[in-house]
Amino acid sequence: QVQPVESGGGLVQTGDSLRLSCSASGDTFSGYTVGWFRQPPGKEREFVAALRWSGGSTTYAESVKGRFTISRDNAKTTVYLQMNSLKPENTAVYFCAASLKYSNSMDLYSGPANYNYWGQGTQVTVDS
């Protein structure tokens, strides 16, 4: 089984960019759909973006479309979340997760219950 491991979080200023990485430990992400979620302080976990390894389909939360980009490397071991034009409301713990479920529709992957394996999270703080 795969274990996602996040890295790349930190403290940035409003308008800055940051790239998060999700590395696969114990297996590769081949055959999985990999998603990014975030949990702002005092709030519930929310979907950010997902990438289906087979075919490369992606989906995004409306709130991040045009600013965030999910991608992968060719070695099939890392998924990235490029975050541009960061805002204070993007402050959260960002989690990476891997799903074994397959659906023709990417809508399935916005639900955290559809993921099998979760990382420990990485803190992103956007200072105004």
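Is Glu-46 buried, partly exposed or exposed? Select Glu-46 to begin the tour: this residue is partly exposed, with a relative accessible area of 31%, where buried means under 20% relative accessible area, exposed means over 50% and partly exposed lies in between, computed with a 1.4 Å probe on protein chains only.

Before going further, keep in mind that this is a predicted model, in which local features need pLDDT of at least 70 and side-chain atom pairs count only at pLDDT 80 or more, while totals for chains, interfaces and linings use all residues. Residues are numbered from 1 along each chain as its sequence is written, and side-chain values use heavy atoms, with hydrogens and water left out.

**The whole chain**

The protein has zero helices and eleven strands, where helices (H or I, at least four residues) and strands (E, at least two) are DSSP runs numbered from the N terminus. The radius of gyration of the protein is 13 Å, close to the 14 Å that the globule rule gives for 128 residues, so the protein is as compact as a globular protein of that length; this radius is taken over C-alpha atoms, and the globule rule is 2.2 Å times the number of residues to the power 0.38. Along the principal axes, the C-alpha atoms fill a box of roughly 40 × 25 × 25 Å. Of the 128 residues, 46% are buried. Among the contacts with a separation of 6 or more, 58% are between residues 24 or more positions apart, a contact being heavy atoms within 4.5 Å.

**The four-stranded sheet**

Next, select strands E1, E3, E8 and E7, which form an open sheet in the order E1-E3-E8-E7 with antiparallel pairing; two strands pair if DSSP finds at least two bridges between them. Strand E1 (3-7) and strand E7 (68-72) stand at the edges, each with a single partner strand, so one side of each is left without a neighbour in the sheet. Neighbouring strands of this sheet are turned by 20° against each other on average, direction ignored, with axes being lines fitted to C-alpha atoms, for helices over the stretch in contact, and angles running from 0 to 180 degrees between N-to-C directions.

On one of its pairings, six bridges join strand E3 (residues 18-25) to strand E8 (residues 78-83), and the two run antiparallel. To see individual pairs, pick Ser-23, which stands opposite Thr-78 in E8, and then Arg-19, whose bridge partner in E8 is Gln-82. E7 is joined to E8 by five bridges, again with an antiparallel run, and here Ser-71 has Tyr-80 in E8 as its bridge partner.

**Arg-38 and the salt bridges**

Move to Arg-38, found in strand E4 (residues 33-39). Arg-38 is buried, with a relative accessible area of 5%, and its side chain meets that of Glu-46 in a salt bridge at 2.6 Å, N to O; a salt bridge is a side-chain nitrogen of Lys or Arg within 4 Å of a carboxyl oxygen of Asp or Glu. A polar contact of 3.1 Å also joins the side chains of Arg-38 and Tyr-94, a polar contact being a pair of N or O atoms within 3.5 Å, of which, within protein, one must be able to donate a hydrogen and the other to accept it, while residues adjacent in sequence count only if both atoms are side-chain atoms. Not counting residues up to four places away in sequence, Arg-38 touches a set of residues including Val-48, Phe-68, Asn-90 and Ala-92.

The structure holds two salt bridges. For the one between Glu-62 and Lys-65, where the closest N and O atoms are 2.7 Å apart, select both residues: Glu-62 is exposed at 61% relative accessibility, and Lys-65 is partly exposed, with a relative accessible area of 45%.

**Tyr-115**

Finish at Tyr-115, in the loop between strand E9 (92-99) and strand E10 (117-118). Tyr-115 counts as buried, at 7% relative accessibility. A polar atom of its side chain lies 2.6 Å from the backbone oxygen of Tyr-109. Not counting residues up to four places away in sequence, the residues that Tyr-115 touches include Thr-33, Phe-37, Phe-47 and Ala-97.
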